[in-house]
Amino acid sequence: MDIEQFRKADYQAIDRICDYYYSLQERSVISTVEPGYLRKHIPLSPPGEGEDFQVIADDYQKYIMPGLTHWQHPSFFAYFPTACTFEGILGDLYASSTANPGFNWSSSPACTELEAIVMDWAGDLLGLSSAFSNQAGVGGGVLQTTASDSALVVVVAARALYMRDHPDAKLEDLVMYTTTQTHSLGSKAALVLGLQVRSIEVKLDHGFALREDALRDALESDAKIGRKPFILIATVGSTSSGAIDNLADIRKVAEDYPSLWVHVDAAWAGVALSCPEYRCELYLDDINSFAHSFCTNFHKWGLVNFDCSALWVRDRKNLTNALDITPIFLRTKHGDAGTVIDYRNWHLGLGRRFRSLKLWFVLRGFGVAGFQQYIRQCIALNQKFANLVDASDELSLVTKPSLALTVFRIVPKLQEENQPSLSLDSLNDLNRVFFGRLSARHDIMLTQTSLNGIFCVRLAVGAARTNEGHIQEAYNIIIEEAKFAVQTWEQ
Ligand code: PLP
């Protein structure tokens, strides 16, 4: 393809993308294809000769599009939606057009410099203290692919720091702490690094938050048998229920364990710190005063298309001490002089995408006020849904709604006063039937979870085009399916 052919193909691609967004609401949220569908349409080997791009572009529409789940659909309420914006899409387009794997400052100065600046902007947006700033302190921010990668990098850094300070410790004695509600990124990091992980039980009565006693008990009992607590992954906004670990409690305990690195995984909820009214409930003061590292994904609820996971550390040397390997071919004048950031030493890979461009476009396109407005709107929409659930005769909230997430299930109000209430197992079975009916539909997408044995359904607001009408429509569908499930259950 030459430049003029690219111009033509690109105009067409943009036209088709616009048409896609115009038609989004009329599409099924969920793809209806069967496993293996694509093999019927795509040859077993690549073409011998290059093909006309128009044919390729048409095949994308014909064969790929039907196999896509539409995460940007306004009735997509599953997992945590990934709000994507045109500003972000354009950032990715420009970034891929110059294809800079900006691993060193010198390999493409703008990539490094923009990332350092935009991470400071993002920290400012969220109210992070200047301790985490690339400009002001010894901390710094870096864009990673995912929160899982961010956690892995942090665990590597925490392990290196612990071993530096305790050279006689045995690696097999090191323990990472999570809770039963921590995202699997904790266990994944432990698995990859061959470390022990202790998952602390958290209770429904405490909103599934980690509290002082449970943490202290775990650390004390482990220390007594010679284990070495070296990192805790605390969560602000857990995946299943949006639980927020009590960082004030954790801070108290951490004062007695100065070698314990506390990483705050706020992959989903962290962007809500942009709104000052949520900073207290999300423990911003504690994050600022003692957390060693903090991560939030702009690619989840932060209007930036995947991937864009923001990680801040209080001391960037902890990352570079753990991850800097500099063969001769990567040495540069500025790197040797220590006058620039070389981001390759802040993550696992060498090459890295120019992700800061899309974050810069989004933050400029929305401004702080626009970003806050979107977050507040999602929370208000979720509150509307939670109120409808709360007022219904069939449904109940399992936990207090958390920001833009509601976790609920069917708990039928029994018709007869003296009718025995359903056991947990029966309720779970009823709710599985209910969720089975919801997930067989194509016009809405939700996810299931289990909270200490309670089977529940999650609705997360976040797709950029969801409005009140979609929430009402979602509730109408959900209540219709709930009534049907209850009626068939009773017969
Ligand atoms: N942490 C939390 C609280 C999450 O909810 C999720 C995903 O939903 C993750 C981490 C994982 O994010 P990533 O896919 O960026 O690794």
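Helices here are DSSP runs of H or I with at least four residues, strands are runs of E with at least two, and both are numbered from the N terminus. Before going on, two notes about the model. Residues are numbered from 1 along each chain, as its sequence is written. The model is predicted, so local features need pLDDT of at least 70 and side-chain atom pairs count only at pLDDT 80 or more, while totals for chains, interfaces and linings use all residues.

**Burial, residue by residue**

A residue is called buried if 20 or more other C-beta atoms lie within 10 Å of its own, exposed if 12 or fewer do, and partly exposed in between, with C-beta atoms placed from the backbone. Tyr 283 is buried, because 24 other C-beta atoms lie within 10 Å. Here are some other residues on that scale.

| Residue | Other C-beta atoms within 10 Å | Class |
|---|---|---|
| Lys 300 | 26 within 10 Å | buried |
| Ser 199 | 16 within 10 Å | partly exposed |
| Ala 99 | 10 within 10 Å | exposed |
| Leu 403 | 25 within 10 Å | buried |
| Pro 258 | 7 within 10 Å | exposed |

Two residues are in contact, or touch, if their C-beta atoms, placed from the backbone, lie within 7 Å. Leaving aside residues up to four places away in sequence, Tyr 283 touches Val 236, Leu 247 and Ala 248. Tyr 283 and Leu 90 are 193 residues apart along the chain, and their C-alpha atoms are separated by 34 Å.

Ser 199 belongs to strand β3 (residues 196–200). Not counting residues up to four places away in sequence, Ser 199 touches Thr 178, Thr 179, Thr 180 and Thr 182. Arg 409 is 210 residues from Ser 199 in sequence and 26 Å from it in space, C-alpha to C-alpha. As for Pro 258, look in the loop between α8 (247–255) and β5.

UniProt, in an unreviewed entry, lists Lys 300 for "modified residue: N6-(pyridoxal phosphate)lysine". UniProt positions follow the numbering used here, feature names are shortened, and annotations may be inferred rather than shown by experiment. In the model, Lys 300 is part of helix α10 (residues 298–301). Apart from residues up to four places away in sequence, Lys 300 touches Phe 80, Thr 82, Ala 267 and Trp 268.

A residue counts as near a molecule if its C-beta atom, placed from the backbone, lies within 6 Å of it. There are 16 residues around the ligand, and Thr 146, Ser 148, His 183, Thr 239 and Ala 267 come nearest. That shell divides into six nonpolar, nine polar and one charged. For this count, Ala, Val, Leu, Ile, Met, Phe, Trp, Tyr, Cys and Pro are nonpolar, Asp, Glu, Lys and Arg are charged, and the others, Gly among them, are polar.

**Two helices**

The expected span of a helix is 1.5 Å times one less than its number of residues. Helix α4 (residues 109–126) has 18 residues and reaches 26 Å from its first C-alpha to its last, close to the 26 Å expected. Its buried residues include Cys 111, Glu 115, Met 119 and Leu 126. What do the buried residues of α4 pack against? They meet β1 (140–144), β7 (309–313) and α13 (356–391). After α4 comes Gly 127, with a positive phi near 80°.

Helix α14 (residues 424–439) has 16 residues that should span 22 Å, and its end C-alpha atoms are 22 Å apart, which agrees. In α14, Leu 430, Asn 431, Phe 434, Phe 435 and Leu 438 are buried. They cover an arc of only 135° around the axis, so they are on the same side of α14; the arc is that of the directions from the helix axis to the C-beta atoms. The cover over these buried residues includes β9 (405–410), β10 (447–451), β11 (454–460) and α15 (468–490). On the face turned away from the buried side, α14 carries the exposed residues Asp 425, Ser 426 and Gly 436.

Most residues other than glycine have a negative phi, and most peptide bonds are trans. Ala 99, in the loop between α3 (86–98) and α4, has a positive phi near 45°. Leu 403 also isn't a glycine, yet its phi is positive, about 50°; look for Leu 403 in the loop between β8 (395–397) and β9. Finally, the peptide bond from Phe 306 to Asp 307 is cis, with omega near 5°, and Asp 307 is in the loop between α10 and β7.
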